[in-house]
Amino acid sequence: MSFLRSLAVGLLAGRIQAQSQTGKTRRQIKRWVAPTLRELAHRQQKKGPRIAEPRSGYVEWNYRSELYSFGKRLSENFELPVLQQAFTDPSYAHKEEERQRKFGIEEEDLKIAHNAYLAEKGGHLVAAYVEAYLKQSLPKIPEEGLEALANYLLSTETLANVSRHLGSTDLIYSSEYPPSDEILANSLKAVIGALSDSSGVERAFVFIRDFICTQLNQKDLLEIWTPVEPFKLLKDACQQRQWSEPEPRLQGDCGKNTVLAAYQVGIYSNRQMLGKGFGETVQTAKEMAAIDALQTLFDLHDNRRTFDFSLHVETKNVRLG
């Protein structure tokens, strides 16, 4: 018996020494771990996806501190009551009034300030500044293109994306969680309106430039604004410059009458080539050449100078009326 015991001790010592020499260690995972994890995963799958809970449901949540931190993160000075109103959606106000009415609270005490007015004011400021900024940054683009770019910046998706990344999801009081894109966009407009009331219109314009206009950074502008009739638009542009009417010319082709046909068309005006394009048909190549010419005339090529996001647009150039 002692011989077997000494043999077992020797084998164990040899195994420990071998492990220390090779530097390899065995993972000591208990046998109950895998079945437990499988059972927990099965219960979670049976229960369904977890419902998103608002951050305000946690014990350590301090809404006033979060509002103060929100302004400091953005290097802006907000009046906290106005900022809280900016984050209060009308749906939450109506829901809270109904809940208080059920408890018999007097009618004059039911009114809760919401962000409808601030959102309207902020939306007006955003639209006016974006229009002025685009006109000053892209002076060669016609009104049709400026309107398309402005609609992109003012769209609900763009504003909601900005609002979400500024961390306003958990600060918004609304009847639903997580808040919809429309609520996020309205809250961002209301924050701009609150900033205008707290720090002035100039700070609101700087905020719009830094967080909304920058959404055009590294964007292909022709993906946002694609002319419906590029050759007609090119004609109008040449006419405004008092140039001769643009003339498309076939510069080359290959694979004619095959499924791999390719054509190259160049557009000339005022004794110079404005642009060229390729396509499987002559008409397609003509349209691509017209788009290339518009990129040259309107300074929309990929190698164009980037947007100047330090550009200062004077208040008198912003149409607030």
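Visitor: What share of the contacts with a separation of 6 or more comes from residues 24 or more positions apart?

Guide: The share is 61% in this protein. Contact here means heavy atoms within 4.5 Å. The model is predicted, so local features need pLDDT of at least 70 and side-chain atom pairs pLDDT 80 or more, while totals for chains, interfaces and linings use all residues. Numbering starts from 1 along each chain as its sequence is written, and side-chain values use heavy atoms, without hydrogens and water.

Visitor: How many helices and strands does the protein have?

Guide: There are 13 helices and 3 strands. Both are DSSP runs numbered from the N terminus: helices are H or I with at least four residues, strands are E with at least two.

Visitor: What makes Gln218 count as exposed?

Guide: Its relative accessibility is 77%. Exposed means over 50% relative accessible area, buried under 20%, and partly exposed in between, with a 1.4 Å probe and protein chains only. Gln218 therefore counts as exposed. Gln218 sits in the loop between helix 10 and helix 11 (221-224). Its phi is positive, about 60°, although Gln218 is not a glycine.

Visitor: Why is Asn270 called partly exposed?

Guide: Asn270 has a relative accessible area of 40%, so it is partly exposed. This residue lies in the loop between strand 2 (262-269) and strand 3 (272-279). Asn270 also has a positive phi, near 55°, and is not a glycine.

Visitor: How much of the protein counts as buried?

Guide: Of 321 residues, 35% count as buried. In helix 8 (residues 156-165), the buried ones are Thr158, Leu159, Ala160, Val162 and Ser163. They pack against helix 7 (143-153), helix 9 and helix 10. Just after helix 8, Gly167 has a positive phi of about 85°.

Visitor: What is the omega of the cis peptide bond that joins Tyr177 and Pro178?

Guide: Omega is about -5°. Pro178 is in the loop between helix 8 and helix 9.

Visitor: What makes a set of residues a nonpolar core?

Guide: The residues must be buried Ala, Val, Leu, Ile, Met, Phe, Trp, Tyr or Cys, joined through side-chain atoms within 4.5 Å. The largest such core here has 72 residues. Phe70, Phe87, Tyr133, Leu134, Ile208, Leu234 and Phe298 have the most contacts inside it. Helix 6 (residues 116-137) gives the largest share, 10 residues. Leaving out residues up to four places away in sequence, Phe298 touches Lys140, Ile141, Pro142, Trp225, Leu233, Ala237 and Arg241.

Visitor: How are helix 9 (residues 181-199) and helix 10 placed relative to each other?

Guide: Their axes come within 7 Å and cross at roughly 145°. Axes are lines fitted to C-alpha atoms over the stretch in contact, and angles run from 0 to 180 degrees between N-to-C directions. Among the contact residues are Leu188 and Ile192 of helix 9, and Phe207 and Ile208 of helix 10.

Visitor: Which residues line the largest cavity?

Guide: The lining is Tyr129, Glu202, Phe205, Val206, Arg209, Leu311, His312 and Val313. A cavity is a set of points, on a 1 Å grid over the protein atoms alone, where a 1.4 Å probe fits but cannot get out; lining residues have an atom within 4 Å of a point. About 50 Å³ of space lies in this cavity. That volume is the space filled by probe spheres set on the points, which are joined across faces, edges and corners. Helix 10 (residues 201-211) gives the most to the lining, 4 residues.

Technical notes:
1 Å grid on protein atoms, 1.4 Å probe; cavity = no way out; pocket = protein on both sides within 12 Å on 5 of 7 lines; lining within 4 Å.
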